[in-house]
Amino acid sequence: MKRSSSRLVSSRVYTLFLLFLFFIVIAVFRLTEKADHHAVLKWDVCGYYNYLPALFIYQDIRQFRFFDKIDSIYRPTDGAVARYALYPVGDSGNVCNQYTVGVAIFHLPIFALTYVAHVLADLPYNDGYSKWYQWGVFLSTWLVSLFSFLLLFHWLQRYVSVFSSLMVILLLGIGTNYVNYIAFEPGMSHPYAFFLVSVILFSTDKWYRKARMEYALILGLAVGILAITRPVDVLVVLIPLGWGYVGSRWAFWWRHRWQVLAMLVICILAIMPQLLYWKYVTGLWIYDSYGEEHGFVWHRPRIWQGLFSFRKGWIIYSPLVLLGFVGLFFMNKARKLSWYPILFGVFFLPFMYIVFCWRNWPYGWSYGSRPLIDILPLLALPMGILIERMSGFKRGHQAMWACGLLMLCVLNIFQHWQYTQGILRGDGMTWEYYKRVFLKRSVDAETLDIIKIQEQEDYEKGL
């Protein structure tokens, strides 16, 4: 009883510390400056968000006639592209939003509060894109990220210590390119996909252990919303399908078949907003909103470049994720978790193939490979197992590991600062350029010319 009580107190103390540290990190990045300069609703973020003002303020979700004025005032693409991500639907006169509706669903609660506050206070610029609405996108991203960390922190404690759980959260939060989409470029789909994958892990584990209807419903809802947030991520459904031991799973599903049915029903209902939008705008239930210039090139996967190139390599710019892959080896030795590395591999290999068969495999302007941020929660448990193993090392070895991890976290934060200053570029990076700007606080014109030539070549190739 004393041990359980002590663990509970320790968990609460660490949770408060986690909350405190999270908001300190956010404050350090001075997010208010970006919001005040209308720099939040830009490019993809604006595309994800456009559903809300179109539906609730302008009642024009078919043609987006209001958006020409928004373009002229807020310049979401800095004048580069008009009516960005709004593609004509044949000769119908309608336009279809390129992006799926899932991110807008997450933005909806704070958007609604902002709109009501504007109406009640009779404030100016109630156009859905002014400063306060941009702040709402910030707040939505912060809250979802915080809930993700708390959920993972709680789930990990079933398998590893409170301290190891906290270390995993800190390493994911400030040691990978995930921090970019909390602090520097909020409003993108990746924090929301990260949250949904965390929910799927948590609810899957709970459902297989307790077989309660609420966990089945949460699981079905999370999978459905994930499908309309980042469609490629829906492959993560392999995780609940393969959870635990194979021999007893079929019997378990049959024994709880009504929960399985409820799970499927709520999953389909969660997908319906996207299907209804496509039907309303295009006349089709399923519609390719990206057009011919996008899509997959199945014979040309760029997996090596996506993981190890200096252009966008996930491992290059977030080397701490290797802890998760090393941790999978130690999970294989743990009798109760020996199934997890196999299940992870069954998911990870086809996921890598699909993600890096995308025609624009660098995925535009970003720090590192942004589509892989979504699956970071799947590496949380093996990272925790590895940190548990480290705690059994001699003190000298522990100190060496701690220093190494700290240095990688500091490097990650510093390089993110370089990224915000235009020193590290969001695309077109090369080994030669990376060497020249490594740990530099400025970049000279000659060095910058190297990257501009590469960026121009990429632009001509349609990347």
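**Reading contacts, burial and packing**

Guide: Start with one residue. Gln259 is in contact with Trp207, Ala211, Arg212, Met213 and Ala216, leaving aside its neighbours within four places in sequence. Contact means heavy atoms within 4.5 Å. This is a predicted model: local features need pLDDT of at least 70, side-chain atom pairs count only at pLDDT 80 or more, and totals for chains, interfaces and linings use all residues. Residues are numbered from 1 along each chain as its sequence is written, and side-chain values use heavy atoms, with hydrogens and water left out.

Visitor: Which helix holds Gln259?

Guide: Helices are DSSP runs of H or I with at least four residues; strands are runs of E with at least two; both are numbered from the N terminus. Gln259 lies in helix α14, residues 257–282. The protein has 22 helices and two strands.

Visitor: Is Gln259 buried or exposed?

Guide: Buried means under 20% relative accessible area, exposed means over 50%, and partly exposed is in between (1.4 Å probe, protein chains only). Gln259 has a relative accessible area of 11%, so it is buried. Across the 463 residues of the protein, 53% count as buried.

Visitor: What does Phe351 touch?

Guide: Phe351 sits in helix α18, residues 339–355. Not counting residues up to four places away in sequence, Phe351 touches Val232, Asp233, Leu235, Pro371, Leu372 and Ile375. Take Ile375: it is 24 residues from Phe351 along the chain, and their C-alpha atoms are 9.7 Å apart. Phe351 counts as buried because its relative accessibility is 1%.

Visitor: How do I read a helix pair? At what angle do α8 and α19 pack?

Guide: Helix α8 (residues 162–174) and helix α19 (residues 377–390) pack at about 125°, with axes 9 Å apart. That angle makes α8 oblique to α19. Angles under 35 degrees count as roughly parallel, over 145 as roughly antiparallel, 65 to 115 as roughly perpendicular and the rest as oblique.

Visitor: Which residues meet there?

Guide: From α8 come Ser164, Met167, Val168, Leu171 and Leu172; from α19 come Ala380, Met383, Gly384, Ile387 and Glu388. The residues of this contact divide into seven nonpolar, two polar and one charged. Here Ala, Val, Leu, Ile, Met, Phe, Trp, Tyr, Cys and Pro count as nonpolar, Asp, Glu, Lys and Arg as charged, and the others, Gly among them, as polar.

Key: Axes are lines fitted to C-alpha atoms, for helices over the stretch in contact, and angles run from 0 to 180 degrees between N-to-C directions.
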